[in-house]
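Me: Please take a close look at a single part of this structure for me. I would like to see the side of one chain that touches its partner.

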Amino acid sequence: MSDADRPTGGLSDDDLMAMFASGDRDAFDVIFDRHHVMVYNYARHLVRRAAEAEEVMQDVFLAVARAAAVYVRRGRFRAWIVSMTRNACFNRLNAERARRETQTGSAILMLPATDRATVPGEDLEAGETESAVGAALAALPERQREVLVLYAIEHMPYREIAEALEMPIGTVKTLLHRARAAVARTIASVRGEEDRHAV
Amino acid sequence: MPCEVTYEELSEFALGDCEPGRAAELAAHVASCRECAARLAGLERADVVLDSFPRAAPSAAGMLQTRRAISQSIDDRRPPGEHEIMSLEEVARYLRISEEDLQAIADQLPSFEIAGRIRVRRARLVEWIEQRELLQMRERMRGELTRAAREDDGKGVA
């Protein structure tokens, strides 16, 4: 059992799912409160648009509620909900890609990365770095981006990410280190540090 | 002399993900290579920024819509008789009386008609039951008072 499965309240996600399955509606509110930001944030980094990430969040929690009766308690709720979020996101992305291809051939839609915070004066540093990281994150290939979001922002351990994304732990690590390297390179270039190294 | 160490390797080193032998080599290398030391510092800065990177949160409207959709979905899957809107059949089962018996008091029920069907709101039904309870309690009390008064009168005469 990971920490996430056994939080301070004493009730694990599995406990709450069992309570909900036996008719306790409030248990579902706790599940929602516990995980909706993670689900939304992860979805937001994949589908990018706020409205679509909200739709994904809704679809995911409706699916969780529907699945409660057949949910098997294995202490893997978070990996399970991440994998459902991922499927919901990729279904949308694939549908959108298919639609775009039939409409405009192979045109690639560049979505805005992040709003660059314009901080006046000398305090540029912190804001610049954060928006550079945001831009670097947005520019990463999808698989690297989702691994970095889950690891660095959602603080999930390798094992849980590997389970959720259905890939070996070795692959999770490879993707993570590529993503971190890309982000560090971006920060270095924003800070005007010449990177003379072999890449 | 060009350095062969990649950012990816430094990232593995920083998170303790490389082989122990390679980790020792890299530690020695970073101590002597200023550029790799700078890149390692850059990775650490990235970690700090990512660690406090703002998590996107859904809008209030999105939250409201999701909570409503969940609530609706849970309601839809309630067993019959637990829906907010009930048919006469469900009301009869809820009251544990036959449908014929319910028909006899159907005109007293707080019902409404929609698309040619009679429907009852669960909340109004519960209120109606409470009113009935109160009414019947009062009747019983009045009955007892009348009986007691009659008995008193009887004593008085005797």
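Reply: Here is a look at that side, followed by the chain behind it. This is a predicted model, where local features need pLDDT of at least 70, side-chain atom pairs count only at pLDDT 80 or more, and totals for chains, interfaces and linings use all residues. Residues are numbered from 1 along each chain as its sequence is written, while chains are lettered from A and ligands numbered from 1 in the order in which they are written.

Start with the contacts. In chain A, 34 residues are in contact with 32 residues of chain B (two residues are in contact if their C-beta atoms, placed from the backbone, lie within 7 Å). On the chain A side, two or more residues each come from α2 (25-47), α3 (50-67), α5 (124-139), α6 (142-153) and α8 (169-190). Helices are DSSP runs of H or I, at least four residues, numbered from the N terminus. The largest share, 10 residues, comes from α8(A). By class, this side of chain A has 18 nonpolar, 6 polar and 10 charged residues. Here Ala, Val, Leu, Ile, Met, Phe, Trp, Tyr, Cys and Pro count as nonpolar, Asp, Glu, Lys and Arg as charged, and the others, Gly among them, as polar.

Now the chain behind that side. Chain A has 8 helices and 0 strands. Of its 199 residues, 40% are buried (a residue is buried if 20 or more other C-beta atoms lie within 10 Å of its own, with C-beta atoms placed from the backbone). Among contacts in chain A between residues at least 6 apart in sequence, 63% join residues at least 24 apart.

Notes: Buried ≥ 20, exposed ≤ 12 C-beta atoms within 10 Å, placed from the backbone.
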